[in-house]
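This briefing covers pockets and helix packing in the structure shown below. Points are grouped by topic.

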Amino acid sequence: VGRRAEAVAPTEQAVALYRRLAADNPAFTPDLATALINFDRDVAAIGEPDRGEAVWQEVLADQDVVTRCTLLVSRASAAQPGDLRAVAWLVEACRSEDRDLLGAAHEVARTHRAADPESWDAAWTQTSGGERPEWLAVDTDLLATARAWIATQTSQDERDYLAAHPELLDPSADTAIEEAVLRVEESAAQGYRHLLGVARAEGVDTAYRPIFQVLLAEQFTTAAPAEQRQLLRARRAELLDGGVRDHLNQQPADESAPLLRACALLDLTAHDPDGLDGRTVAAAFDALEDPTRFPELLDTTAADTNQAATLLGPLATIAYTAATTEAEAALAGFYMAVAAAVAGERHQASDLVRRALRGDPGSASEWITRLAELGAGQPSVLPLIAVLTQPSGDEQH
């Protein structure tokens, strides 16, 4: 209501109260800034601007770097556009290493500069002792475009946006890009810089391919068998690309059923001569819908000397991930051992068959008979008979 003189005392009290609160809890720093700005305006209105400046300097002297810079940016933001006093406040704030604070300081500085670019640039150069920074006069339209790229919600949208705005691929956009990424964590900013570098050198599609491969790998891993079948049919080439498998191989080694199954399905599809339309791949997906089909499928594949070396291992792994009982898991483990033996991995085969035996000791005789039958065409499986006949105490590791 225009009674500025009466407002000075309570506003000064608010500064003192928020100063104590902010000292214990930085969350009160914005309130302290508001109180200081109000006090500054009140004393200026009654002709005592020096009094406000004195309080500001007293408060600022007690603050750590981040809090001090935060207060300075708030003060500059509240000043009239073009107020040259804000130059010194913002020059100091721009020395902060806090990304959020730096972005805010840059934004406020550009707002002030817009009121009188020539005077602002001259004052900035004099105060900072250096040339006017590029970000201060960044193309605002280009900055808006860069920020819109950063703000896209999905990787696909991000890729499409970058492809539709080739101006971001020009090196002249670097300043706008750097300003835009101040709104994200440094790790994310590094990711955007890398994407942009690859996109400029090799194209937007090449830059985003690794990201889409990771997303596809994760989608395939967590999908139900029916969806995995559809994904393989629709995106077989992408799924069998080395980038998808590289991502899966980099996951922590464990016996996670989804991860094991995803890798095995890709291996099976890659090795089946007819791919997704191959007999074994189709049979594997059918067996995932009806796991009672796995024993016959495993037995038939193991007996096929042309397929056992490449298809039995992934097929047995898929059966293992679908097992719901110890006996089913043990049978899958037995055929995993057979596959390892056929592939010449003798020690691994022995370890696998021992593990299978521990899961289902009662199947030892049946497995020995089956090994003897398979051995007629594939002698490399015969040593597993000796492993199965060893007393448990005599196992050699």
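**Helix packing and pockets**

H12 and H13 run roughly antiparallel to each other, because their axes cross at roughly 155 degrees and angles over 145 count as roughly antiparallel. The model is predicted.

**The H12–H13 pair**

- Helix H12 spans residues 204–222 and helix H13 spans residues 225–239, and their axes come within 10 Å.
- The crossing of H12 past H13 is left-handed.
- On the H12 side, the contact is made by Leu-216, Gln-219, Phe-220 and Thr-221.
- H13 contributes Glu-227, Gln-228, Leu-231, Leu-232, Arg-235, Glu-238 and Leu-239 to this contact.
- The contact of H12 with H13 comprises 5 nonpolar, 3 polar and 3 charged residues.

**The largest pocket**

- The largest pocket holds about 890 Å³ of space and has a lining of 34 residues.
- Nearest its centre lie Gly-313, Thr-317, Met-336, Gln-348 and Leu-352.
- Helices H14 (242–249), H15 (257–271), H18 (308–322), H19 (326–342) and H20 (346–359) each supply at least two lining residues.
- H19 provides the largest share of this lining, with 7 residues.
- By class, the lining of the largest pocket has 18 nonpolar, 9 polar and 7 charged residues.

**The second largest pocket**

- The volume of the second largest pocket is about 290 Å³, and 15 residues line it.
- Asp-40, Arg-41, Ala-79, Asp-83 and Arg-85 are the lining residues nearest its centre.
- At least two lining residues come from each of helices H2 (29–45), H3 (49–61), H4 (65–78) and H5 (85–93).
- The lining of the second largest pocket divides into 7 nonpolar, 1 polar and 7 charged residues.

Key. Residues are numbered from 1 along each chain as its sequence is written. This is a predicted model: local features need pLDDT of at least 70, side-chain atom pairs count only at pLDDT 80 or more; totals for chains, interfaces and linings use all residues. Side-chain values use heavy atoms; hydrogens and water are left out. On a 1 Å grid over the protein atoms alone, a cavity is a set of points where a 1.4 Å probe fits but cannot get out, and a pocket is an open set with protein on both sides within 12 Å along at least five of seven lines; lining residues have an atom within 4 Å of a point. Grid points are joined across faces, edges and corners, and a volume is the space filled by probe spheres set on the points. Helices (H or I, at least four residues) and strands (E, at least two) are DSSP runs, numbered from the N terminus. Ala, Val, Leu, Ile, Met, Phe, Trp, Tyr, Cys and Pro count as nonpolar, Asp, Glu, Lys and Arg as charged, and the others, Gly among them, as polar. Axes are lines fitted to C-alpha atoms, for helices over the stretch in contact, and angles run from 0 to 180 degrees between N-to-C directions. Angles under 35 degrees count as roughly parallel, over 145 as roughly antiparallel, 65 to 115 as roughly perpendicular and the rest as oblique. A crossing is left-handed if the near helix is turned anticlockwise from the far one by less than a right angle, and right-handed if clockwise. Contact means heavy atoms within 4.5 Å.
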